[in-house]
Amino acid sequence: MINRLKQKLSSADTFSLINESIYQLNFTKILEDNLGLTSPTKQILYLISLLFSTNEILPSQKVSLSSFVSTLNNISNEYNASFYKDGANSSDTEKENSNVAFPVFLHYFNTSSLYYEPQKLQILSKLYFPFDHFFENLFGYTATDLINFAEFVQQTIHLRVQRLNLIQKKLNSQVDLTHSFNTEDFPLEKRLIFTKMLNDFSLKREVTDFEYYATVLPIEERPFLNISGIFYLPLIKLLFDAIERKLNKAILSSDIRDSFFRNKEKKIVEILSVQLRFFFGKKGKVFTSGYESITGQDEHDIIIFARQSIIILLEVKVTKQREPFRNPEKAFVRIKDDFRRDSGPQGAFEQTLKLKRRIKKEGSVPIFDKKGNLLITLTNKFEIFSLLITLEDLGILAVNLSLLLEKPKEENFPFCTNIYTLNTILKFMTIKYGTQRVDQFLKYLRVRENIHAKARVTDELEILGYLHANQENLEELLDDNLDLFFMHPQMTDIFDEMYIENKSIFNFSE
């Protein structure tokens with residue numbers, strides 16, 4: 001099937017297919033166009049990668065994306081069917097493994113990055129700028145250069161879209177004017193270094209043996225498409241993700257790996273603490289690096305005195321999730337091991353649980369800074385929430401902790417999400433609820449404690465969007481007779497609309 005698809009693509013006109021792809025990837029949600037693809041972003045990027053693994057046979061023909069929909073859906077369905085075990089011949093263990101492994105597999109390979117661009121730029125800057133010297137020796141440019149390049153590309157595309165008003169008009173023929181670049185577009189003082197980076201992140205159409213759907217695609221590593229010396233970027237996020245992948249890969253194979261990971265968690269805690277202090281305001285207090293002993297043992301990343309009788313214990317984990325195996329049984333073991341290791345959500349939960357048990361047993365526990373100064377004394381009179389914050393989006397594993405989290409029956413579920421989603425939640429609460437933001441956030445945490453086992457959702461923002469729009473129906477989600485609930489992706493539209501109105505909203509500053 002894939003070979004036949006590549007044969008068909010070899011006679012396809014490169015520019016026309018890329019032009020339509022850029023249009024579909026960037027404007028179809030707003031314009032409500034629908035090709036009928038099951039995973040549109042992944043499938044279109046896969047098709048582009050296949051196209052660029054062939055030579056263009058002349059005279060080429062203009063072909064529409066719609067002519068590939070059936071084949072792309074069949075390819076996707078074949079991979080899914082080979083992975084998911086739910087038939088009469090499958091054992092209960094195989095079904096249970098698939099119920100975890102299958103949605104994780106889909107999320108890992110099919111889901112596009114769920115963040116807003118300013119969020120990612122700030123995280124990349126904080127994590128990688130300290131290692132500029134290492135990158136310059138390796139690549140000939142620094143992480144700072146790469147972020148400047150990405151910002152230039154992002155701002156250029158946004159300005160072009162605004163000028164052409166593409167959001168309101170179906171100007172398919174002009175999409176190439178917004179997402180194309182050549183060296184003449186770059187500022188003169190940065191043209192040399194930007195050109196080098198452009199070439200490093202570009203893909204030419206030539207014969208390769210690329211076929212596999214469930215893998216990192218060539219376009220995900222080299223997102224600029226070189227067509228006759230003009231470079232087309234189908235999605236801005238592709239560039240951000242490719243930069244992060246390139247920098248991370250370089251560090252993982254170097255002798256600065258340990259130093260990077262020590263710095264990584266520290267930087268994430270710093271970034272979070274700035275926003276948390278603003279969010280909880282003068283009535284709250286945010287403590288970082290708190291210890292249960294005066295000698296600096298049993299550290300906790302962030303402890304928040306949210307209100308008079310409410311404490312939030314927040315632990316950060318930055319370890320990357322490993323790529324799941326294609327075999328469901330092996331995939332389940334790897335997924336479970338990643339989740340339950342000390343550097344995963346289970347490890348974060350154990351840290352908060354240990355402290356909560358000590359408070360319950362001893363009545364009160366003093367928390368010190370690294371110099372031995374008393375920060376706060378936690379007592380059994382506090383209502384205590386546990387927040388587990390990851391750098392990576394774990395999808396359904398975070399939204400529905402009942403799948404893998406081991407906890408005592410009497411213990412409430414913690415709240416688990418990634419740093420980007422937490423940032424979006426806090427910004428949303430601030431904008432929508434103003435001075436009532438903390439109370440609304442605490443209300444949300446209480447609701448989330450009770451619906452983990454019911455959630456069949458991969459994006460936390462779908463739940464928040466639903467609860468915001470249907471507050472009068474809150475009791476339905478909390479009904480013990482309700483076994484499962486599903487959300488529609490449109491529940492996140494409210495956040496996208498806020499971002500479109502003001503792209504500076506979702507960042508980690510105050």
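# Close-up views of a predicted model

**View A. Lining of the second largest pocket.** The second largest pocket has 20 lining residues, and Asp200, Leu203, Pro218, Glu221 and Arg222 lie nearest its centre. Strand 2, helix 11 (218–221) and helix 12 (236–252) are the elements that give two or more residues to this lining. Helix 12 supplies the largest share, five residues. By class, the lining has eight charged, eight nonpolar and four polar residues. The space in this pocket is about 420 Å³. The model shown here, as in every view, is predicted.

View B. Strands of a sheet pair through backbone hydrogen bonds, either parallel or antiparallel. Strand 1 and strand 4 (residues 230–232) run antiparallel and are joined by two bridges. Here Phe181 stands opposite Phe231 in strand 4.

**View C. Helix 13 and the residue after it.** Helix 13 covers residues 257–280, 24 residues in total. At 1.5 Å a residue, helix 13 should span 34 Å; its end C-alpha atoms are 35 Å apart, so the two values agree. Gly281 follows helix 13 and has a positive phi, near 65°.

**View D. Aromatic pair Phe149 and Phe194.** The whole structure holds 27 aromatic pairs. Phe149 lies in helix 8 (residues 143–164) and Phe194 in helix 10 (residues 191–200), so the pair ties together parts 45 residues apart in sequence. Both Phe149 and Phe194 are buried.

**View E. Aromatic pair Phe428 and Phe495.** The ring centres of Phe428 and Phe495 are 4.9 Å apart. Their planes stand at 65°, over the 60 degree cut-off, so the pair is edge-to-face. Phe428 belongs to helix 17 (residues 419–433) and Phe495 to helix 21 (residues 493–501), so this contact ties together parts that are 67 residues apart in sequence. Phe428 and Phe495 are both buried.

**View F. An aromatic cluster.** One cluster is formed by Tyr128, Phe131, Phe134, Phe135, Phe139, Tyr141, Phe260 and Phe261. Helix 13, shown in View C, spans residues 257–280, and the cluster members include Phe260 and Phe261.

Key:
Residues are numbered from 1 along each chain as its sequence is written. This is a predicted model: local features need pLDDT of at least 70, side-chain atom pairs count only at pLDDT 80 or more; totals for chains, interfaces and linings use all residues. Side-chain values use heavy atoms; hydrogens and water are left out. Two strands pair if DSSP finds at least two bridges between them. Helices (H or I, at least four residues) and strands (E, at least two) are DSSP runs, numbered from the N terminus. The expected span of a helix is 1.5 Å times one less than its number of residues. On a 1 Å grid over the protein atoms alone, a cavity is a set of points where a 1.4 Å probe fits but cannot get out, and a pocket is an open set with protein on both sides within 12 Å along at least five of seven lines; lining residues have an atom within 4 Å of a point. Grid points are joined across faces, edges and corners, and a volume is the space filled by probe spheres set on the points. Ala, Val, Leu, Ile, Met, Phe, Trp, Tyr, Cys and Pro count as nonpolar, Asp, Glu, Lys and Arg as charged, and the others, Gly among them, as polar. Rings of Phe, Tyr and Trp (its six-membered ring) pair if their centres lie within 6.5 Å; planes under 30 degrees apart count as stacked, over 60 as edge-to-face and the rest as tilted. Buried means under 20% relative accessible area, exposed over 50%, partly exposed in between (1.4 Å probe, protein chains only).
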